[in-house]
Each structure stands twice: as structure tokens, then as C-alpha cells.
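Open the model in your viewer and keep the selection tool ready. This tour goes stop by stop.

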Amino acid sequence: MGQSSSIPGSTHRPSPTNPTHHHHHRTTTPRSETYYYSMADPDDNQCGNIGTVDDYISELPDECLASIFHFLSSGDRKNASLVSKRWLKIEGQSRHRLSLNAQSELLVQIPSLFSRFDAVTKLALRCDRRSVSLDDDALTLISLRCKNLTRLKLRACRELTDAGMAAFARNCKNLKKFSCGSCAFGVKGMNAVLDHCASLEELSVKRLRGVNDAVEAPVGPGLAASSLRTICLKELYNGPSFGPLIVGAKNLKTLKLLRCLGDWDKVLEDIGRRKNCLVEVHLERLQVTDAGLMAVSDFPDLEILHLVKTPECTNAGIVCVAEHCKLLRKLHIDGWRTNRIGNEGLISIGKHCGNLQELVLIGVNLTAVSLESVATNCQRLERLALCGSETIGDAEISCVASKCVALKKLCIKGCPVTDQGIEAFAWGCPNLVKIKVKKCRGVTSDLADWLKVRRGSLMVNLDVCEVEADGLDASASDGGAQEDGVEFPPMVMSQVSGAIGGASAAVDIPSSSNWRPSIFRSRLGLFGGRSLVACTFRRWSNGGSGSNDSS
């Protein structure tokens, strides 16, 4: 029995009169040829004849192969690189993203790695918390091999010092995005990056141990201040030390301050005193008061505001923001059930923020009065989440159903709502496409089936069996969407063991380190907890509002 043809349906056989008919009229070097046996009947006396098929793959230009490799997954790229020496070379030269296990053993493999991957512009270096990370010498050698690097992510590289970061910054001046987490270098290393990388656009810093209460030197602004568009600071001992950088970044569009110790009112006030173009602000679990919110109200271009678990903020601050930030499109408030933000603040939001498209309220006790103000005046409201409120009942939900004409997605969680309130959506909210109801004890499972019958196109997600948790936490930063918003897009995880002497130089390691000192845990005790609501609602927002967000 013969082998099957590599081209179905073609059974070329040599002509009796011209056995070499495959090669006549050729004036150039013949293509590579693949031989095959005909799939003829075993009784056929010609079943042993051999034919040839032209190998067009070998004639593809290097650029075409490189383009094809970009559509393959990391594993498929690795397998494809083993086909031939040519494919191995092209795959290495066309790879722009690389993620490496940043252990100390990487130092001896750097020359071989970056001889093959010589076009890398986006690099992630991650180390396991139980391992010794690469040091200054390794990072300096990488910077000499990758002078065109535009993105760098460092995770748990605890052996890096200020000197290593300074050497890296001097060699990689084209850096545009820098993210570091659980590293040990300090203010000098950070300032070196800001002073030499004049094109830096995005900066994300998380748990940087070298920036603490004992360090009084400020961070920034540096040459990068004029180019920075996004700054994200997470879980820092002395977050306000970055104040000069934030205030000096005159073109800053997005500012995210999450679980950072220190008094932030002064930093926000300093930003408000100068001309700024901030569009998005996240304040989560910070020491910020109404004075800080009043400073935020001086951001005339503000469109997105997340205010999560800031217990010193009250209605007065919300009213000030509503009266001055007329372009506000997205507002997330987690009141932490402190009852300091309520009807007064939301009535002002409804009165002044007519462009509001997304509203998330968690642990905020409202009544139909404030919800009616929002529903009546915010005619563009498309996404609404009401979670963990003791005062949102059937009357408030019926108000939403009758007034929110443009509403497309609704989430209700942990509220004293019954079937009677949810039934209103059988007729109300004509543009509603999805409703999610969770942990509402008064809502029964029969309602979902009835609602689907009444509105066949409506997607109903009803969970009446879920046991109520101790509390509702909608920390905006706990979901992956927030962290990918600042840090690099998912890196292509490459394993190059087959290419470099069997040494596994790239492994898939989680992007965040579990290192967290006991002192830090005690000082940030109120920062514990994970998101139960925001991640789902954020998926709705990201998936369904592309056109609106681009405006």
C-alpha cells in the first residue's frame, strides 16, 4: 500500500514518451520536490509509479514566513522553528515579545538567547519568590543586547539595585512602557528611568520596597514627565513621594492610585492648581477626604472616576465633582457601607452629569428619589450596577425600569428586591439586553423563566442559590482588566529549550508575586478582600461600549 499524495487529486505519472517531462522548459534552478506513491488500486500495475510535487513553501520569502509566524501561538511557533534551520532563524528574528524566567542562572544564557531573539522590543522578566533573581550584571547585559526595547516588565526581581536600573536606563532610552512589582530598587533607580527614558508613556509601580517611609527623596519629574500618559501606583509604603512626578506630568491622561499609604489630598490639590488634561482617575483605599475630591473637581476633562473604599469622602465631595466635571461618563462608587455618600450626592450626579453612560454603586444606600434623578436626567445611561444596598427595593427597581430608557445592561446584587420589582423589566427598559440578579433572597428561580418568555431577546442571569458572603467588595483593581490597562499586553510565553542547548530559558510564571511582608500586611489590613462584583460588570463595559468609550 502506498502513501497518500500531498496534493489531493493529483496523480502525475511520467509520460512514456518523455520520462523527464517535469523538467523540460526550465531555465531557473528547479524547485524542491516531494516524492509520493500513487494511491492506485493494489492490482493496478502502475501502483509503484513515482511522481513529484513542487515545494512552494520553500520559495516563500522570509518576510511572508515571519508574517505567518505572528499568527501562531507560542507553542506552535516553537514547533515551527524546529522544521529547519531557516525557519529557526526567521522565527527568532521575527519575535518581538519575550517572557523569561528571571532567575540568576539566566546570566549565562543571555548571549545565546538574544543572538537568536535579536529583534525583541517587549520583554518580561519574572522570578519566582523562592528563587534568586537576576542581578544588575544580567540586566545590564540584556540592555546592551536590546537597545531597541520599548516595553519592560519586572516581577520579583529582588536582586536589582539602583545601579542596575541606572545602567539599563542609559542603554534603553527608547522605553515607552515600564512596569515593576515586588522589586527592591529605590528612588534613585526610578529617577534614572525617568531621567533617561524621555519617551516613557506608561508607568506602573507595585510594592516597590525601596520606596518607603525612611526615604524622603522625591520621585521625578525627570525628562519623562512631558511624555507620560498613564501612571499606576499600587501598594506603596510612601506613595506621595511620587507626587512631584504626578504633578509634573502635564500630559497625564490616566492616574490610578490603589492602596498606597500616605496623605493624598495635597498631591491632588497640587494637580488641580495647574492646567491638566486628566481623563481617568482611580482612587482606591486611600487616605483622601472631601478636600481631595474638591481638587479632583478641578479636572475639567475628567470622564471616568472610580472612588473605592475611601471612608472619609462624603456627599459634599461628590456634589463638588458633579457640579464641575460635566464630561463624566463613568462613575464607580464603593461606599463601603459607611452611609457617608447617598441621596444628596447622587441627586447632584443626576442633575449635572447628563453624559453619564455607566454607573456602579456598591454599599451606597439610595432611595427612589436619587435614582429617579439619575434615570430622568442621564438619558445616555447604558450600564447600571446596584450592589450591597439595604435601601434599594422594589420601588427603586421599578423606577429604573420605567425611567432608564437607554439602559442595556443591569446588575443587581445583595439588595432586598423581590419578584415584583424584577417583573417591571418585562415591559420597561426597551433597550435592555442583559440583566443579572445575584444574592437577592426575595427573587425566585421561576421569575427568570417567566421573564425570558415575556422578552425572548433578554439574557437573564439569575442566581438564587448562592450563599451570601460576608461583604460585597468591588475593588476596581482586583480584576485583570485594570492591571492589563496599564501594564503590557499578555506576553508571548516562549520556551526555547529546543533551540539553545536544552536550557529552558522561558517559562510561564504568574505575573504577580505572592511576596508580601508581614509588616505590609498589618499596615494594609483594610486592603484585604477580592472583587465579587466589579469583574463581571467590567466585562460588560469593555465588551459592549467600544463605540461609546472611543468618543
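Where is the place of Pro221? Select it: Pro221 lies in the loop between strand S7 (202-206) and strand S8 (230-234). Helices (H or I, at least four residues) and strands (E, at least two) are DSSP runs, numbered from the N terminus.

Before moving on, note that this is a predicted model, where local features need pLDDT of at least 70, side-chain atom pairs count only at pLDDT 80 or more, and totals for chains, interfaces and linings use all residues. Residues are numbered from 1 along each chain as its sequence is written, and side-chain values use heavy atoms, with hydrogens and water left out.

A cis peptide bond joins Gly220 to Pro221, with omega about 5°. Most peptide bonds are trans, and most residues other than glycine have a negative phi.

Next, select Arg285. Its phi is positive, about 50°, although Arg285 is not a glycine. Arg285 sits in the loop between strand S10 (280-284) and helix H10 (290-296). At 2% relative accessibility, Arg285 is buried. Buried means under 20% relative accessible area, exposed over 50%, partly exposed in between (1.4 Å probe, protein chains only).

Go to Trp336. This non-glycine residue also has a positive phi, about 60°. Find Trp336 in the loop between strand S12 (330-334) and helix H12 (343-352). Trp336 is partly exposed, at 32%.

Finish with the cysteines. A disulfide is a pair of cysteine sulfur atoms within 2.5 Å. The count is 0 disulfides. For Cys260, the nearest cysteine sulfur is that of Cys232, 8.2 Å away. Cys260 is buried, at 2% relative accessibility. The sulfur of Cys429 is 5.7 Å from the closest cysteine sulfur, in Cys404, too far for a bond.
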